[in-house]
Amino acid sequence: MQSYLSSSSALTASLNWLDTTANNIANQSTTGYAAQAGSFADTLTQALNQNATAPGIANRVTAPGWWGGTGVMATATLQDFAGMPVIPTGVPTDLAISGTGFFEVRQPDGSIALTKDGHFSFSPVQNGNVMLVNQNGNPVLDTAGKPIVTSGQNAASMKVLPDGQIRYGTTLGPKIAIATVPVPDVTLNLAGNNLYTPAPGTTPAVVNGGIGTYNSVAGQVVQGSLVGSNVNLSAEMADMIQAQEMYDVNSQAIADTDKMAQSAVGFKP
């Protein structure tokens, strides 16, 4: 039974790995897409990690001197925001953040989501004004947490400075919010449509709301550019081959275990 359990858990984990890799490959050209990576653990450690008997060795919880496991499981799918390139487009409403920061947008339910996808445009609202929105029509927020609304004439002359400050000709507008979260690879959850929501207990911090020179590791806004995907196609293809081999090996292990089980059932003392 242990052989069945270990092999079947590995089949599930390999399918998860294949799904993640396929999703990365499909989004290699998607603006602002952060490559995903799976996190795995042996099932015994994952289930009993509060009672580790050997915490110095991967928080092992098996009996001292015995390092057997009970299979493998996918514990999480994480995002990797490192190395995302800034690609010039020449479109004034295309915005990129050249560092670790994110844009903030308001979702239909009123909650705030973060995004690296700065493919924005102006959408008409009441009184002849226009509002800066993302591709799904979600309002882009300023440092005060408000939508960016202006006249159509102002929109045509919009300039965005590196600190997020908007200028309409010689008139100052609001600042586009640049938000950060600690360890975004772990504390942000994919919400669909290239949006991310903070995990429970994580609150985004707007880092460019003050007055004066903006100098932050969160990066700077680059107008007329977009952040591209950081998917490495060669690495993803290699991962796909490994995940497929993992699936094949464990499928064979189950078949071999089944043969042994049939032999055991047919054995007569």
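Q: Why is Tyr 168 called buried?
A: In this predicted model, Tyr 168 has a relative accessible area of 7%. Buried means under 20%, so Tyr 168 counts as buried.

Q: Where does Tyr 168 lie, and with which residues is it in contact, leaving aside neighbours within four places in sequence?
A: Tyr 168 is part of strand S11. With those neighbours left out, its contacts are Ile 148, Thr 150, Asn 154, Ala 155, Ser 157, Met 158, Gly 173 and Pro 174. Take Thr 150: it sits 18 residues from Tyr 168 along the chain, and their C-alpha atoms are separated by 9.3 Å.

Q: How do you know that Tyr 168 and Thr 150 are in contact, given the C-alpha separation of 9.3 Å?
A: Contact means heavy atoms within 4.5 Å, and the 9.3 Å is between C-alpha atoms. Thr 150 is listed among the contacts of Tyr 168, so some of their heavy atoms are within 4.5 Å.

Q: What makes up the largest nonpolar core?
A: That core has 21 residues, and those with the most contacts inside it include Leu 95, Leu 132, Val 140 and Ile 176. Strands S4, S5, S8, S10 and S11 each supply at least two of its residues. Another core lies apart from it, with 11 residues, among them Met 84, Phe 102, Ala 179 and Val 181.

Q: Which residues does Ile 176 touch beyond four places in sequence?
A: Its contacts include Leu 95, Phe 103, Leu 132, Val 160 and Ile 166, along with Asp 142 and Asn 208.

Q: What kinds of residues line the largest pocket?
A: The lining divides into three nonpolar, nine polar and one charged. The pocket has a volume of about 170 Å³. Of its 13 lining residues, the closest to the centre are Asp 117, Asn 136, Asn 193, Asn 194 and Leu 195.

Q: What is the predictor's confidence in the chain?
A: The mean pLDDT is 84, and 83% of the residues reach 70 or more. Over residues 46–50, though, pLDDT stays under 50.

Q: How many helices and strands does the chain have?
A: There are five helices and 18 strands. Of the chain's 269 residues, 38% count as buried.

Note on methods:
Residues numbered from 1 in each chain as written. Predicted model: local features only at pLDDT ≥ 70, side-chain atom pairs only at ≥ 80, totals over all residues. Heavy atoms only, no water. Core = buried A, V, L, I, M, F, W, Y, C linked by side-chain atoms within 4.5 Å. Buried < 20%, exposed > 50% of the residue type's maximum accessible area, 1.4 Å probe, protein only. 1 Å grid on protein atoms, 1.4 Å probe; cavity = no way out; pocket = protein on both sides within 12 Å on 5 of 7 lines; lining within 4 Å. Points joined across faces, edges and corners; volume = space filled by probe spheres on them. Nonpolar A, V, L, I, M, F, W, Y, C, P; charged D, E, K, R; others polar. pLDDT = per-residue confidence, 0-100.
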